[in-house]
Protein chains: 2
Amino acid sequence: MPLQELKKFEPAPPCPIRDVLDRIGDQWSVLVLLTLRPGTRRFNELMREIGDISKQMLSRTLKRLEQDGFITRTVYPEVPPRVEYSLTELGHSFLEPMRALVAWADQNHRTIAEARERYRGGN
Amino acid sequence: MPLQELKKFEPAPPCPIRDVLDRIGDQWSVLVLLTLRPGTRRFNELMREIGDISKQMLSRTLKRLEQDGFITRTVYPEVPPRVEYSLTELGHSFLEPMRALVAWADQNHRTIAEARERYRGGN
DNA sequence: TGCACCTGGTCTACCTTGTAGACCTAAATG
DNA sequence: CATTTAGGTCTACAAGGTAGACCAGGTGCA
């Protein structure tokens with residue numbers, strides 16, 4: 001029996017924290033949110049600033065972040081079209097604890113790199 | 001040209017923070033670390049407590065976390081074998097900012113769920 | 001008049017990653 | 001002698017990500 005069908009019988013994610021963390025822990029979401037922190041950005045600006053995200057994934061990621069209330073999407077009916085994304089209050093509030101994590105990563109990435117190096121050497 | 005070959009020419013991850021966050025933002029790592037927070041666990045205990053992780057992914061995740069210095073792996077040469085995993089100092093220190101994020105998720109998951117609901121309704 | 005160009009996407013074929021489940025080792029137990 | 005037990009590995013297969021083509025439709029250029 002495929003996983004898809006099993007999921008139908010699970011009424012809801014049992015742990016709301018996992019539900020939230022699964023969303024933001026998807027490789028791109030946090031990066032998009034951090035990129036929006038300085039201010040409003042357009043689609044292609046996000047593409048350029050992030051650098052190695054595909055259009056499809058950026059599109060999906062933005063859509064989910066909008067659904068979850070982290071960002072707003074504003075369409076200006078011009079030609080060529082202009083679409084602007086910016087953080088909501090919720091998005092900003094999320095980045096507060098996230099920044100603590102980023103600070104940790106910044107402080108400890110050297111330790112981690114050394115651990116990896118030791119592991120290689122120790123083999 | 002496949003991505004694999006391109007990566008050969010990139011000397012190192014340009015952003016150490018992304019490097020760290022990519023590792024821990026992989027769906028399972030944080031969950032494993034949180035499960036180890038109360039104390040030492042064995043392989044199958046982790047399987048049971050996490051519930052929906054496959055053996056392979058648990059194995060891989062533990063291996064990487066060990067490489068990066070977040071956890072230690074202790075093998076007792078018994079039969080049947082016994083292997084214990086526990087957090088290092090680094091692992092514990094990582095969970096500190098992480099707990100802030102978990103607290104945020106706990107406080108805001110309702111808001112997020114409502115936003116999702118509104119989105120569905122608004123369509 | 002014709003033609004390429006612009007943005008913000010979607011679509012499609014491919015490739016990589018994750019999953020479930022069989023299998024393995026080697027001693028103890030019934 | 002078959003089964004159990006822990007901690008994995010191996011192998012198909014399914015799911016998810018990627019690159020790149022394509023689209024609309026008004027504008028500038030020739």
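Reader: What makes A:Gln27 count as partly exposed?

Author: In this predicted model, A:Gln27 has a relative accessible area of 38%, and because buried means under 20% and exposed over 50%, with partly exposed in between (1.4 Å probe, protein chains only), A:Gln27 is called partly exposed. The model comes with a few conventions: local features need pLDDT of at least 70, side-chain atom pairs count only at pLDDT 80 or more, and totals for chains, interfaces and linings use all residues. Residues are numbered from 1 along each chain as its sequence is written, chains are lettered from A and ligands numbered from 1 in the order in which they are written, and side-chain values use heavy atoms, with hydrogens and water left out.

Reader: Where is A:Gln27 found, and what is its phi?

Author: A:Gln27 is found in the loop between helix 2 (16-24) and helix 3 (29-36) of chain A, where helices are DSSP runs of H or I with at least four residues, strands are runs of E with at least two, and both are numbered from the N terminus. Its phi is positive, about 80°, although A:Gln27 is not a glycine. Most residues other than glycine have a negative phi, and most peptide bonds are trans.

Reader: Which peptide bond of chain A is cis, and what is its omega?

Author: The bond from A:Val79 to A:Pro80 is cis, with omega near -5°, and A:Pro80 has its place in the loop between strand 2 (71-76) and strand 3 (82-87) of chain A.

Reader: How do you know that B:Asp52 and A:Arg18 form a salt bridge?

Author: The closest N and O atoms of B:Asp52 and A:Arg18 are 3.3 Å apart, and since a salt bridge is a side-chain nitrogen of Lys or Arg within 4 Å of a carboxyl oxygen of Asp or Glu, this pair qualifies as one. The count between chain B and chain A is six salt bridges.

Reader: How much area do chain B and chain A bury between them?

Author: They bury about 3500 Å², with 68% of it on carbon and sulfur atoms, where buried area is the accessible area (1.4 Å probe) that two parts lose on being put together, summed over both. In chain B, the residues that lose the most area to chain A are B:Arg18, B:Trp104 and B:Arg116, together 19% of what that side buries.

Reader: How many residues does each chain bring to the contact?

Author: Chain B and chain A bring 39 residues each, contact meaning heavy atoms within 4.5 Å.
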